[in-house]
Amino acid sequence: MDGPTSELIERTYCCAQDPGLWPDVLDRFRRMTGACSTVVQLASRGDRWLQTEMSLSDRQTLSLRQDKVPDDCSNPRMLAERSPARPGVSFFRDESDLDGLDPAVRRYRAQLASIGFHSFVGARMELEPGRTLLIALHSANEPSWAFDRGVQHCIESFLPHVCRTMRLGARSSEPTEQTAQLLDLLDCGIFMLADNGDVQWQNRAAGQMLDAGRHIRRAGRRLAGGSEQYSDVIRALLASAGAGEMAKGFLGEAPQGHQALAIPLADAGSRSSVALLIFPPVGSRGPLSAAVLSELYRFTGAEALLAAAICEGESTRTFAERKGISIFTARSQLKQVLAKTGTTRQSEMVGLIRGAFSTSLLQT
């Protein structure tokens with residue numbers, strides 16, 4: 001991970017404590033992608049439209065006259081039917097998702113062109129049921145120019161961090177049931193700690209790391225390292241966060257060690273003062289959970305097992321032989337998996353599901 005990328009991610013998580021840092025974070029991301037504008041929106045899903053609850057912009061966009069920026073009701077990109085809720089990061093481009101001959105679309109794009117916004121790429125990720133996180137990048141270049149695959153990769157990697165920061169910004173020692181379910185889908189371990197270091201809540205990945213016991217463990221109610229050296233790292237992280245500063249450290253030896261971030265979340269009326277994030281080793285990729293796939297896509301148990309196996313590289317025929325079922329049954333299950341994920345090809349389905357378990361920039 002290069003210096004600018006590391007600093008961007010570090011600043012992003014700081015926004016959980018200080019939302020005033022968002023313009024700086026989006027400025028950095030705008031420069032990284034070559035865009036002239038970066039906007040992040042939190043939107044609720046209505047029957048017809050996505051309705052903006054909160055909007056964050058880089059400083060250059062904030063300097064625009066707001067009366068020249070089109071609102072939601074004149075934005076054809078905000079039609080709910082054009083942005084269906086799907087797991088992982090989904091992309092939106094005017095060229096493929098809007099009818100260029102539609103008068104409403106032409107008016108909207110003319111409005112954007114009047115303030116110097118031409119080429120566009122957008123992406124969305126579900127924050128929780130009924131609420132979607134959107135990111136929109138515009139370029140001052142003419143519409144014939146498109147954001148390249150490298151920019152799309154940057155968005156794909158950055159947006160999950162924004163989602164995590166938004167969830168952490170709730171500053172709750174015991175997340176709501178819906179939020180807890182979403183945090184359980186993340187590949188990094190998350191601990192919510194009280195001001196005395198007691199563990200108040202942990203997600204699924206954190207529990208798996210504790211079960212392994214190599215780098216972290218529980219000492220009573222408190223979090224400790226798997227060795228005295230690792231315990232020293234954790235104590236230093238928590239001391240910094242307790243003093244109101246975000247801190248990062250490393251548990252173990254590369255490439256099998258864990259990057260750790262401690263984020264202060266002191267808030268009146270909350271027992272939790274620190275969120276500790278522990279990321280899996282660089283390049284690691286744990287097996288997909290059939291139970292989580294069932295929750296994400298409403299698969300049956302058999303469909304979830306097949307989807308997980310295919311995502312791990314197993315063929316449909318090999319899966320059928322291992323499970324003692326006919327190849328016709330396995331293919332029938334695969335058809336249901338494709339239908340429920342809204343995909344038409346096996347490779348597309350694997351990419352979509354793997355995206356839902358998105359790896360972070362800390363793993364690149």
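Tutor: In this predicted model, five strands form an open sheet whose order is 2-1-5-4-3, with antiparallel pairing.

Student: What makes strand 2 and strand 3 the edge strands?

Tutor: Strand 2 (50–57) and strand 3 each pair on one side only, and that is what the edge of this sheet refers to. From one strand to the next, the twist averages 25°.

Student: How do you know that strand 1 and strand 5 pair?

Tutor: Two strands count as paired if at least two bridges are found between them. Strand 1 (residues 37–45) and strand 5 (residues 131–138) are joined by eight bridges and run antiparallel, so they meet the rule of at least two bridges. Within this part of the sheet, serine 44 stands opposite arginine 131 in strand 5.

Student: Which strands does helix 6 touch where it packs on the sheet?

Tutor: Helix 6 touches strand 1, strand 2, strand 3, strand 4 and strand 5, and its direction makes about 30° with that of strand 4.

Student: Why is threonine 165 called buried?

Tutor: Threonine 165, which is found in helix 6, has 2% relative accessibility, and buried means under 20%, so threonine 165 counts as buried. Leaving out residues up to four places away in sequence, threonine 165 touches Thr12, Tyr13, Cys15, Ala16 and Trp22.

Student: Why does glutamine 152 count as buried?

Tutor: Glutamine 152 also has its place in helix 6 (residues 149–168). Its relative accessibility is 17%, and the cut-off for buried is under 20%, so glutamine 152 counts as buried. Apart from neighbours within four places in sequence, glutamine 152 is in contact with Phe91 and Arg93.

Student: How many aromatic pairs are there, and why is the pair of phenylalanine 92 and phenylalanine 120 called edge-to-face?

Tutor: The count comes to three aromatic pairs. For phenylalanine 92 and phenylalanine 120, the ring centres are 6.4 Å apart and the planes stand at 70°; a pair needs centres within 6.5 Å, and planes over 60 degrees apart count as edge-to-face, so this pair is edge-to-face. The pair links distant parts of the chain, with phenylalanine 92 in strand 3 (residues 90–92) and phenylalanine 120 in strand 4 (residues 120–128), 28 residues apart. Both phenylalanine 92 and phenylalanine 120 are buried.

Definitions and conventions
Residues numbered from 1 in each chain as written. Predicted model: local features only at pLDDT ≥ 70, side-chain atom pairs only at ≥ 80, totals over all residues. Heavy atoms only, no water. Helix = DSSP H or I, 4+ residues; strand = E, 2+ residues; numbered from the N terminus. Buried < 20%, exposed > 50% of the residue type's maximum accessible area, 1.4 Å probe, protein only. Contact = heavy atoms within 4.5 Å. Phe/Tyr/Trp six-rings, centres within 6.5 Å; stacked < 30°, edge-to-face > 60°. Axes fitted to C-alpha atoms, helices over the stretch in contact; angles between N-to-C directions.
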